[in-house]
Amino acid sequence: MLYNTLKFLHILLAILAVGFVMTFGLILSRAEKADTDGRELKFALQTVGFMSMIANICFVLLVIVGVGLVQLGGFTWAPMWIHGSAGLFLIAFSIGIFILGPIGKRRLAILQSRGPSDPEFIKLSKRSAMLGALAGLITLVIIWLMVAKPV
Amino acid sequence: MLFTILKFLHVWLAIIAVGYNAAYGMIIARARAGGIDGREMRFALHTVKFMDDYVANPCYALLLITGGAMVYVSGYPWTLKWIYLSLGLLILAFAIAIVLYSPTLRRQIEVLETSGPSDPEFLKLSKRGGALGGILGVIVIAIVALMVFKPV
């Protein structure tokens with residue numbers, strides 16, 4: 001019962017965290033196509049920043065619950081689907097916290113001071129989209145590992 | 001192998017559909033703090049409508065298809081409580097989304113464009129949209145619980 005409760009929490013946290021992150025690209029790309037004064041883009045960047053804070057909290061809880069599941073389920077860390085997904089998660093989480101987070105803050109600062117057509121803003125937007133796609137790809141692999149459970 | 005691929009797709013679609021749904025409330029709530037001309041709200045509602053029409057709802061339809069295919073491939077009987085209840089709840093959620101939530105959102109956009117964000121009808125529609133979103137959230141949590149606990 002405790003194992004299933006933790007599994008239920010694990011899945012809900014994954015849905016919230018990953019689901020939120022999956023919306024960022026769409027919200028920002030729509031905002032980029034809105035009016036040229038960047039007001040929608042500012043709103044979108046602030047909203048994405050707030051949502052990523054919630055997603056990051058969910059990601060941390062996801063790790064804690066995941067470790068709890070390994071312990072309670074009597075699993076070892078040896079199977080590829082466990083250590084592989086943990087390793088990939090750390091990479092994706094690091095990209096989010098140490099690269100995408102600061103880029104988002106920098107983009108917002110540039111947008112407010114120099115506007116959405118600033119070359120640095122455009123460069124950072126491209127970098128952010130590329131890294132977001134990379135993190136999304138890593139997430140897909142993690143989900144595959146969780147579902148297929150290769151040993 | 002086919003079952004594993006279907007399960008992977010099913011989980012992926014569920015994450016996108018439910019994650020998108022969960023984001024609506026947050027996007028709209030933050031837009032309420034926007035300018036009094038309602039530009040942020042207009043952007044938020046149009047974005048949510050796009051997310052709902054072109055991502056979340058198609059994902060729910062594909063969830064039904066992959067879920068049905070998984071039952072067929074695995075040989076599970078439809079008489080298992082967790083299967084028929086989750087299917088029923090998913091159909092109910094899909095119906096609420098299509099028949100109630102989407103028209104509410106559409107009307108909200110129309111009222112916002114014509115009368116602005118402080119119009120009483122807009123405020124009433126916002127409350128209805130929030131309540132429907134809450135109901136959908138509860139249904140989705142119940143479906144996830146059925147999938148995990150698998151009561152027979």
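Colleague: Why are α2(B) and α3(B) called roughly antiparallel to each other?

Modeller: This is a predicted model, and the term rests on the angle computed from it. α2(B) and α3(B) pack at an angle of about 160°, with their axes 10 Å apart. Angles over 145 degrees count as roughly antiparallel, and α2(B) and α3(B) are therefore given that description. Their crossing is left-handed.

Colleague: What kinds of residues make up the contact of α2(B) with α3(B)?

Modeller: In the contact of α2(B) with α3(B), 16 residues are nonpolar, five are polar and three are charged.

Colleague: What makes α3(B) and α4(B) roughly antiparallel to each other?

Modeller: The axes of α3(B), residues 81-115, and α4(B), residues 120-149, cross at roughly 160° and come within 9 Å. With the limit set at over 145 degrees, α3(B) and α4(B) are therefore roughly antiparallel. The crossing of α3(B) and α4(B) is left-handed. The residues of this contact comprise 24 nonpolar, six polar and three charged.

Colleague: How do you know that α2(B) has a length close to the one expected?

Modeller: Helix α2(B) covers residues 39-74, which is 36 residues.

Colleague: Where is the kink in α2(B) centred?

Modeller: The kink in α2(B) is centred on B:D52 and amounts to about 40°. Just after this helix, B:G75 takes a positive phi of about 85°.

Colleague: Which secondary structure elements does chain B contain?

Modeller: Chain B has four helices and zero strands, and its pattern along the sequence is α-α-α-α. The C-alpha trace of chain B spans about 55 × 25 × 20 Å along its principal axes.

Colleague: What is the secondary structure of chain A?

Modeller: Chain A comes to four helices and zero strands, and from the N terminus on its elements run α-α-α-α. Along its principal axes, the C-alpha trace of chain A spans about 55 × 25 × 20 Å.

Colleague: How do you know that the span of α1(A) agrees with its 31 residues?

Modeller: At 1.5 Å a residue, the 31 residues of α1(A) should span 45 Å, and the end C-alpha atoms lie 46 Å apart, so the two values agree. α1(A) also holds a kink of about 25°, centred on A:F24.

Colleague: Why are α2(A) and α3(A) described as roughly antiparallel to each other?

Modeller: The axes of α2(A) and α3(A), the latter being residues 80-114, come within 10 Å and cross at roughly 160°. The cut-off is over 145 degrees, and α2(A) and α3(A) are therefore roughly antiparallel to each other. Their crossing is left-handed.

Colleague: Which residues make the contact of α2(A) with α3(A)?

Modeller: On α2(A), the residues include A:L41, A:L45, A:F59 and A:V63. On α3(A), they include A:F89, A:F93, A:G96, A:I97 and A:G101. The contact of α2(A) with α3(A) divides into twelve nonpolar, eight polar and two charged residues.

Colleague: How many residues of chain A are in contact with chain B?

Modeller: In chain A, 28 residues are in contact with 29 residues of chain B. The elements of chain A that give two or more residues to this side are α1 (2-32), α2 (39-72) and α4 (119-148). The largest share, 17 residues, comes from α1(A).

Colleague: What numbers of nonpolar, polar and charged residues are found on the side of chain A that touches chain B?

Modeller: That side of chain A has 20 nonpolar, four polar and four charged residues.

Methods: Residues are numbered from 1 along each chain as its sequence is written. Chains are lettered from A and ligands numbered from 1 in the order in which they are written. This is a predicted model: local features need pLDDT of at least 70, side-chain atom pairs count only at pLDDT 80 or more; totals for chains, interfaces and linings use all residues. Two residues are in contact if their C-beta atoms, placed from the backbone, lie within 7 Å. Ala, Val, Leu, Ile, Met, Phe, Trp, Tyr, Cys and Pro count as nonpolar, Asp, Glu, Lys and Arg as charged, and the others, Gly among them, as polar. The expected span of a helix is 1.5 Å times one less than its number of residues. The bend at a residue is the angle between axes fitted to the seven residues ending there and the seven starting there. Axes are lines fitted to C-alpha atoms, for helices over the stretch in contact, and angles run from 0 to 180 degrees between N-to-C directions. Angles under 35 degrees count as roughly parallel, over 145 as roughly antiparallel, 65 to 115 as roughly perpendicular and the rest as oblique. A crossing is left-handed if the near helix is turned anticlockwise from the far one by less than a right angle, and right-handed if clockwise.
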